[in-house]
Amino acid sequence: MSQSTDTTVVRRTFITQHLKSAISLDGIPNEEAWNAVDWTGDFTQWQPNEGKAPHQPTRFKILYDEKYLYIAYHCIDQYPDSIIRWMDRRDQFPGDWVEINIDSYHDLRTAFSFTLSVSGVRGDEFVSNNGNNWDANWNPIWFAKTHIDNTGWTAEVKIPFSQLRYGNEADKTWGIQVTRRIFRKEERSCWQYIPQNSGVWVSRFGELKGLKNIPLHRQVEIAPYVTMQADKYKKEDGNPFAKGFDTKLNGGLDGKYAVTNDLILDFTVNPDFGQVEADPSQVRIDGFQNFFEERRPFFMESRNIFDYQLTGSEAGGDYDSDLLFYSRRIGSAPHASPKINSDEYLKMPLNNTILGAAKFSGKTRKGWSIGILESITEKEIATIDNNGEKREELVEPLTNYFVGRLQKDINGGQTILGGIFTAVNRDNGLNDQLHRSAYSGGLDFFHTWKNRTWYVRGNMVFSQVQGSKTAILNTQTAFEHLFQRNGASEVSVDSNRTALTGTGGTFRFGKVGGNSGRHGRLFKFETGFTLRSPELELNDIGFMLTANEINHFTWAGLHWPKSFLFFRNARLNYNHWSRWDYGGRFMNQAFNFNSHATFRNNWQAGTGSTTNVYDVSNNALRGATAIRNPGNISHNMYVNTDFRKKVSAYLGIINTWGFGNTTKTNNLELTLYFQPMNNLRVSLSALYIYYWRRQDQFVDNVTYNNTTRTIVSEVKQNTLRFTGRLTYNITPDLTLQYYGQPYINRPLYNHFAYVTNATAKNYNDRFHPFNNGEVKEVNGEYQVDEQNDGIVDYSFGKPDFNFVQFRSNFVMRWEYKPGSELYLVWSQSNTPDASADLYNNVAIPKSLFQNAFDNQAARNIFLFKWTYRFLK
């Protein structure tokens, strides 16, 4: 054992040796081979009492041969009966565990993390951005065993070099960090002490030396799969596409090939994602699109390389979610939907078929991070049946998606320069609905100084979409742009355009660490701005809520990472946001203060308040004009009980009040967690949201006397969602998992009006409520007679709806050999027509349960999937 020092960090060093004889991986490091190196230990507590000695000591040692890195752990515990042996799914990190982070690139920014719980559950993550990003979707192949004895517990780990990335130098130095968690105390201790106030992680690792002449191992993995699927659903008489039972046999191939030891080619042919958990049900009435997390393994792994957030600010906000690459666009639902008559039947593909996809990604020893993704989706056809005569309509053209990402580390990662380029190209078809091509790109930079605690970063982006005049006109008038909006001096509709070109960018300056103040207090902050020009369009392959914005944000926080008084740690944060559009209109001003604390008994709590003092929306009236929304104040709070207990709970409450009694939101969420046995975990949650707006909820834009009448109303929206999860581990590699979610969303509209002066300072001056006799309901439609002369001036549809949905899946997953898996899946979905409950005055819970669990309307999918991974 030795230590080495650079200008700022004292690094511990472990010198490994080449393995001299065989090791039997049984969790007990008693083979003679282990005696070639000494144990190292002397861990330092990281949480909760930073800098102090841990309650129980930890030791480890490392050996290697031509193919593997071997790690032995001895987690000493005076009370072995108190060791927590909980089990869970892979990457859930249950109970007591020990973890090694390996910076085999030795770039001081990225690392490979291998976590092993005492129960044998493995977790693995790819660490990037100097510890600010931990990606649990990285799933390497490695081997581990554990053993409990009267001294505590021991473990042996074997990591193939093919799963790591490193250079070809003969004598290697890698960064390493070993962390141990004692669950009953929620204590974490580290081999290389890294103060929490440093704000960094990988750049301060200790070092592993003694690795000599390791051969370059090019990873080669081929994993063919076979699926058998049976769908059972309600038969529809006369519908040739709904016979009540369908079967399908399918197959495909996944693989990895190391072009070099640094750069990996991942590919998939006809991928199947049948075992992936269903998306949570979501309904929005504000016009914005829903964002769904990626769950498909191929797109999740290595996604940190392709991540390009337009903002990514600590301050948060809706403007913070825009992405140049949003992988859910690939394989999404078809864009077109044929119009059919009442006597016709439609067979519609649910998703665009991904014919194949490939990723080329990695990082070289010279600091170049490279990511290239290519994917092709099939031309999709809908079939319409009319009394036995069938016709076909195109609903999605053949489409090619491309993403290229490049970054360069300079000066050990203290400066990073990068760029990204994306492209979507579609075959002929649907030219009046979709862009023929869509391109976006950007340049980004990051620079840090003063021990990586101060930083400045930013990016600039561009987009260009091309297509027919109709397609580009649709984009100009789409919700994200609304060029037709009255009073918009910065934009105008041009029906002859065949392309749109937009720009955007972000600049940020902040501090993430540094010297602590009194009681270990740490001050952090970030401030900056982000731009989105009116023509910026990212939604062909990215995600963008709206364009035409200039946002300023500031976030500042005080953080107490060390224990004091009755706290384990605590945080106080302040935020403010301001927004303008490109016409110079001031749009929004909001202030926020929040606090978070973890107490010595391991309970967590937080509270905060946001005041939105001024708000104007260009989108709320769907292009008619901008409207001034009521200011509001909101309060939130949450409590987490001690998650170490076999029963724990989370309670969250959010309340919002609009000034002048104009809006109101009540949001209540309760989750209960149960761990009745080491290998069984259950969670049950309920979410209820009540949302009310007095007058300004958009309903429709109609034409009256050659002008646009914008109809608004009161809305009362009730949302109820229950979610249940169960995980049962038969072994660490054989699990049963269940997920179920019934959901109902019911908005009811009343007291209709039309907009007169949308930005008037006085709320009531913005609308003209319809008086008695001006509007009446006829057969599900509202007819308006403004003149009270008995002649209908215009009409609009009844906007009320009752959306009920139930989604669930049950998965048996068995990793019968490393990398090879067997899945048995039962998935159920049900989206019944529950509109009748609106008029029968059926209560929301009754409507939910009666409809969601109606097996007559449910679709049941039974899936068997087998994969076998061939390794070199």
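Trainee: What makes strand 6 and strand 12 a pair?

Mentor: Two strands pair if DSSP finds at least two bridges between them, and strand 6 is joined to strand 12 by 9 bridges, running antiparallel. So under that definition they count as paired. One of the bridges links A72 to E156 in strand 12. The strand numbers come from DSSP too: strands are E runs of at least two residues, helices are H or I runs of at least four, and both are numbered from the N terminus.

Trainee: Before going on, what kind of model is this?

Mentor: This is a predicted model, in which local features need pLDDT of at least 70 and side-chain atom pairs count only at pLDDT 80 or more, while totals for chains, interfaces and linings use all residues. Residues are numbered from 1 along each chain as its sequence is written, and side-chain values use heavy atoms, with hydrogens and water left out.

Trainee: How confident is the predictor in the chain?

Mentor: pLDDT is the predictor's confidence in each residue, from 0 to 100. The chain averages 92, and 97% of the residues score at least 70. Over residues 1–7, however, the pLDDT is below 50, although this stretch has 19 contacts in the model beyond near neighbours in sequence. Contact here means heavy atoms within 4.5 Å.

Trainee: Back to strand 6, then. Which strand forms a hairpin with strand 6?

Mentor: Strand 5 does, with 3 residues between the two. They pair in the antiparallel sense over 7 bridges, and I62 stands opposite I71 in strand 6.

Trainee: What makes a group of residues a nonpolar core?

Mentor: The members must be buried Ala, Val, Leu, Ile, Met, Phe, Trp, Tyr or Cys residues joined through side-chain atoms within 4.5 Å. The largest such core has 44 residues, and I62, L69, Y73, F114, I159 and W174 touch the most other members. Among the elements giving two or more residues to this core are strand 5 (58–64), strand 6 (68–76) and strand 12 (152–160). The largest share, 6 residues, comes from strand 6.

Trainee: Which residues does I62 touch?

Mentor: Not counting residues up to four places away in sequence, I62 touches F14, T16, Q17, V37, L69, Y70, I71, I100, I176 and L208. Apart from this core lies another, of 29 residues, among them F298, F299, I305 and L373.

Trainee: How do you know that the buried residues of helix 3 share a side?

Mentor: The buried residues of helix 3 (residues 469–476) are A471, I472, T475 and Q476. They cover an arc of only 140° around the axis, which puts them on the same side of helix 3. The arc is that of the directions from the helix axis to the C-beta atoms. These residues pack against strand 27 (454–466) and strand 28 (499–511).

Trainee: G502 is in strand 28. Is G502 buried or exposed?

Mentor: Its relative accessible area is 0%, so G502 is buried. Leaving aside neighbours within four places in sequence, G502 is in contact with V461, F462, S463, S533, E535 and L536. The C-alpha atoms of G502 and S463 are separated by 5.1 Å, though the two residues are 39 apart along the chain.

Trainee: And why is R622 called partly exposed?

Mentor: R622 has a relative accessible area of 23%, and that makes it partly exposed. R622 sits in the loop between strand 33 (604–617) and strand 34 (627–629).

Trainee: What stands out in the backbone of R622?

Mentor: Most residues other than glycine have a negative phi, and most peptide bonds are trans. Phi of R622 is positive, near 55°. H751, in strand 40 (residues 734–755), also has a positive phi, near 55°. As for peptide bonds, the one from Q47 to P48 is cis, with omega near 0°, and P48 is found in the loop between strand 4 (44–47) and strand 5.

How values were computed:
Buried < 20%, exposed > 50% of the residue type's maximum accessible area, 1.4 Å probe, protein only.
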